[in-house]
Amino acid sequence: MTSPFVFTLAAAVCAAPALAAPLSDARIQQLGDAVFGPVMAEHDIPGMAIGITYRGENHVLTRGLAVREGAQPVTADTLFELGSVSKLFNVALAGLAAERGLLSLDAAVSDLRPDLQGSAFDWITLYDLAAHANGGLPLQVPDAITTEAELSDWLAGWTTAAEPQSLRAYSNLSIGLLGRLTAEAFGRDYETALTEDLLPELGLSHTYVTVPDAAMPDYAFGYARSDDSAVRVTPGMLDAEAYGIKSSVTDMLRFLDAHLGAWPVTPEVEAALARTREARYDTAHYAQAMIWEDYAWPVTAAQLAAGNSSEMALTPQPITRRDTARSGPVFLNKTGATNGFGAYVAMVPQEEIGVVVLANRNYPNAARAEATLDLITRILAED
């Protein structure tokens with residue numbers, strides 16, 4: 001079982017100009033203790049890092065163990081597996097390619113992949129891949145596919161279950177294909193394009209697909225829910241594009257700050273990130289942007305639980321095309337997990353607040369979302 005819950009403050013102010021802190025560091029610690037202490041105890045989470053950005057000021061709170069063997073503590077530099085939060089980098093790279101004129105997000109997939117001409121991908125755009133508006137692509141690459149040639153043949157023969165823009169199917173294959181097309185537009189493989197074309201633009205130096213030897217001491221182990229064994233992600237086809245990134249809470253806060261305008265990026269990168277937040281489809285629970293899930297703010301824990309449910313991830317859902325952009329404030333979120341890790345990011349841009357929660361246990365999405373919403377609500381209430 002985990003030890004009594006004590007947060008340690010690990011980082012402070014980002015370099016961008018900011019307003020004065022609305023809450024003291026001590027108060028942030030108290031709020032984190034009150035909100036996430038019970039979550040860690042209930043789900044026996046070995047280690048956690050929580051980052052809060054509010055009006056340009058960053059707070060990093062860490063607790064517990066990154067690696068149980070040797071009692072290695074979580075720090076602000078600990079690397080956690082992001083799982084599907086990795087997809088937010090995929091679409092950011094696609095947005096950057098669009099800003100540079102390397103591709104159009106409104107182009108049909110088959111325009112960039114001649115081998116798919118005459119297939120269902122004549123009707124699916126690159127934006128649709130990012131919004132899972134794909135007509136029923138499977139969650140995972142079929143087990144029988146082990147080579148690029150087999151994947152191409154499978155895609156060329158695949159047929160939709162419904163009109164693509166009427167059916168959302170959460171799919172690693174969908175976002176993986178977007179990553180491949182984007183990387184080709186940059187003239188690189190995906191990991192190289194991400195590492196050389198996007199991450200430096202965001203000022204991220206501790207975010208990786210392949211963790212280098214020098215950073216391995218910072219790489220946490222995840223702990224499986226099934227038997228509590230120490231685990232790390234297993235490589236697979238399209239893993240880098242869909243779920244393969246490892247990052248620290250410090251880098252993830254900087255990523256959120258770039259979205260919130262609290263970290264300086266070029267106008268090109270700012271526009272690329274803005275593209276990813278533009279929702280074109282509605283589901284039963286939220287508006288679907290490029291991976292980001294968009295709720296009208298304020299939102300309830302019940303709404304977030306429904307939107308982040310297994311049903312939304314595992315079962316194709318009807319969608320409708322939006323006629324206009326949402327007016328008013330929004331709550332944007334994304335969950336991610338591997339066998340041993342659970343991640344969650346959320347932000348309310350109009351309130352200049354964002355939270356990232358990284359843990360080396362895959363625990364329920366609803367618990368992550370409810371606790372994060374609680375923390376955001378408490379911070380805003382005390383300002």
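Which elements each supply at least two residues of the lining of the second largest pocket?

1. They are α9 (249-260) and β16. Helices (H or I, at least four residues) and strands (E, at least two) are DSSP runs, numbered from the N terminus. This is a predicted model, in which local features need pLDDT of at least 70, side-chain atom pairs count only at pLDDT 80 or more, and totals for chains, interfaces and linings use all residues. Residues are numbered from 1 along each chain as its sequence is written, and side-chain values use heavy atoms, with hydrogens and water left out.

2. The second largest pocket has a volume of about 260 Å³. Of its 16 lining residues, R277, D294, V330, L332 and Q350 are the closest to its centre. A pocket is an open set of points on a 1 Å grid over the protein atoms alone, where a 1.4 Å probe fits, with protein on both sides within 12 Å along at least five of seven lines; lining residues have an atom within 4 Å of a point. Volume is the space filled by probe spheres set on the points, which are joined across faces, edges and corners.

3. For the largest pocket, the volume is about 850 Å³. Its lining has 34 residues, with S84, Q140, A337, T338 and N362 closest to the centre. At least two lining residues come from each of α12 (310-314), β16 (330-337) and α13 (365-382).

4. β5-β10-β7 is the order of an open sheet of 3 strands with antiparallel pairing. β5 (80-81) and β7 (207-208) are at the edges with a single partner strand each, so one side of each has no neighbour in the sheet. Pairing requires at least two DSSP bridges between the strands. E81 has K246 in β10 as its bridge partner.
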